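Hi,

Here is the structure I promised to pass on.

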Amino acid sequence: MKPKLILCVGTGWSATTPLYFTFQKNKVATCLNKEPHVLSYLHAPQAFSNMMEQKYNMGYLLPEGFRERTKEENAMATIWKAPTLDNYVKFLKHYYNHIKDEYQAVCDFSTTYAGFNIHQIMTFAKTLKENFDVKVIMILRDPFRRMFSHFNHVYRDNPIQELSKAFLYIRRFDKNTFQFPLETRGWHRKNFEAFANSNYHRIHQNWKQFFPTHAIIMEDLWAGRNSELERLNGFLGTNITELHENAYYPDRGADAPHYRTLRDQWDSDTVTLDAKTVERGRRAMHYYYESWESLTGTNPWKNDEWI
């Protein structure tokens with residue numbers, strides 16, 4: 001029987017960290033690092049070389065915080081010193097054997113994988129399927145609110161002003177084409193990366209061509225509605241019963257609770273959005289809502305839940 005591998009391919013600023021902690025708490029899956037980013041390095045080594053060094057020196061992340069790695073874990077961390085596809089497979093297998101008595105699967109929650117197009121996924125899909133029982137998940141949040149948290153992370157001092165500028169450029173953005181890595185310089189960064197990661201239709205279709213792929217609606221999961229948890233358990237064959245805290249739900253903007261291990265959430269929400277900004281943002285991003293509805297037959301974010 002092949003080891004089980006769960007790939008969470010995004011999307012960033014949609015509660016991937018609370019979901020990862022949920023998997024750990026319920027003994028579903030874990031990894032030596034939440035976001036190894038090895039596959040991203042293989043396609044953009046210059047953009048991700050510094051990150052490889054950072055990952056090599058990180059501790060092991062738990063819902064309670066970081067702890068120092070063990071001697072055996074340090075030996076496995078050499079994946080970030082020699083990040084190749086073969087070494088990535090060996091690393092995942094080694095780590096699965098390390099945790100299989102406690103967890104059902106090994107996982108990789110690298111949100112940068114949302115930026116892969118089908119040609120890039122094709123370079124590693126066959127190898128992963130030959131070695132693992134792979135399932136892909138993606139957690140989705142209201143497209144505009146997700147984008148704004150992402151934007152707020154990039155522009156901490158004046159996100160509303162920068163957002164107004166970005167709306168002038170969004171018509172230029174080819175919504176059907178990704179250019180990896182999405183995070184580039186200048187206006188490309190502020191108008192491509194944040195918006196592109198809300199293109200759930202494209203991300204889902206790219207990954208579904210190669211692996212069983214399941215989309216989680218973040219708001220429904222934490223609200224306990226529309227059988228979202230049951231759907232997730234059915235897809236993964238798990239029995240998740242307890243969800244970790246989530247600073248994005250309910251959405252409190254700048255008043256989000258400062259959960260100690262969720263700084264990546266509340267640190268990127270420094271502004272509480274008003275109704276006018278939300279309405280303008282949703283109009284500007286109508287494509288992202290409509291394309292998801294055309295794919296699934298439903299728009300989970302038809303109305304903004306917090307206005």
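Let me start with Arg225 and Glu305, whose side chains form a salt bridge with N and O 2.9 Å apart (that is, a side-chain nitrogen of Lys or Arg within 4 Å of a carboxyl oxygen of Asp or Glu). Arg225 sits in the loop between helix H11 (218-223) and H12, and Glu305 in the segment after helix H15 (286-296), so this pair ties together parts 80 residues apart in sequence. Helices (H or I, at least four residues) and strands (E, at least two) are DSSP runs, numbered from the N terminus. Arg225 is partly exposed at 29% relative accessibility, and Glu305 is partly exposed at 34%. Here buried means under 20% relative accessible area, exposed over 50%, and partly exposed in between (1.4 Å probe, protein chains only).

Before going on, a word on the basis: this is a predicted model, where local features need pLDDT of at least 70, side-chain atom pairs count only at pLDDT 80 or more, and totals for chains, interfaces and linings use all residues. Residues are numbered from 1 along each chain as its sequence is written, and side-chain values use heavy atoms, with hydrogens and water left out.

Asp251 and Arg141 also form a salt bridge, with their closest N and O atoms 3.2 Å apart. Asp251 is buried at 15% relative accessible area, and Arg141 is buried at 2%. Both belong to a salt-bridge network that also links Arg145, Asp269 and Asp304.

In total, the count comes to 15 salt bridges.

Best wishes
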